[in-house]
Amino acid sequence: MGSDHSPQVLIDTIVDFALSLQDPVDFMLFGTRTVYPLFLKAAEKLQGYNGLFEFVESKNIITLAENPLFAIRRKKESSLCKGMLLLKKGLTLTFIKTQDC
């Protein structure tokens with residue numbers, strides 16, 4: 001969940017967006033284990049929300065300083081690799097990625 005903003009800001013923005021929708025949408029948030037407590041706190045705000053709100057742990061981080069081709073070959077547990085795999089398998093329709101991977 002890398003970005004210029006904190007993970008809390010990103011999660012809160014996603015929650016606000018989800019609650020603003022007329023029809024429920026499923027969300028999968030990718031992040032490291034340290035972000036998980038923030039996810040749980042945000043999930044409490046979604047009581048009664050009919051869409052899926054799921055956390056997927058990413059054990060690797062790809063930084064902007066790394067060579068992208070080498071990084072995706074070596075860091076299969078990154079959010080980028082996991083999200084792209086879900087797209088390839090047809091398990092998600094869209095994958096939106098923030099700055100760092």
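A helix crossing is called left-handed if the near helix is turned anticlockwise from the far one by less than a right angle, and right-handed if clockwise. Keep that in mind for α1 and α2, whose crossing is right-handed. The model here is predicted, so local features need pLDDT of at least 70 and side-chain atom pairs count only at pLDDT 80 or more, while totals for chains, interfaces and linings use all residues. Numbering starts from 1 along each chain as its sequence is written, and side-chain values use heavy atoms, leaving out hydrogens and water.

Back to the helices (DSSP runs of H or I, at least four residues). The axes of α1 (residues 7-20) and α2 (residues 36-44) come within 10 Å and cross at roughly 25°, so the two are roughly parallel (angles under 35 degrees). Pro7, Gln8, Ile11 and Val15 of α1 touch Leu38, Phe39 and Ala42 of α2, with contact meaning heavy atoms within 4.5 Å.

Now the strands (DSSP runs of E, at least two residues). β1 (residues 27-31) and β2 (residues 53-57) run parallel, joined by five bridges; pairing takes at least two DSSP bridges. Phe30 sits opposite Val56 in β2.

Key: Axes are lines fitted to C-alpha atoms, for helices over the stretch in contact, and angles run from 0 to 180 degrees between N-to-C directions. Angles under 35 degrees count as roughly parallel, over 145 as roughly antiparallel, 65 to 115 as roughly perpendicular and the rest as oblique.
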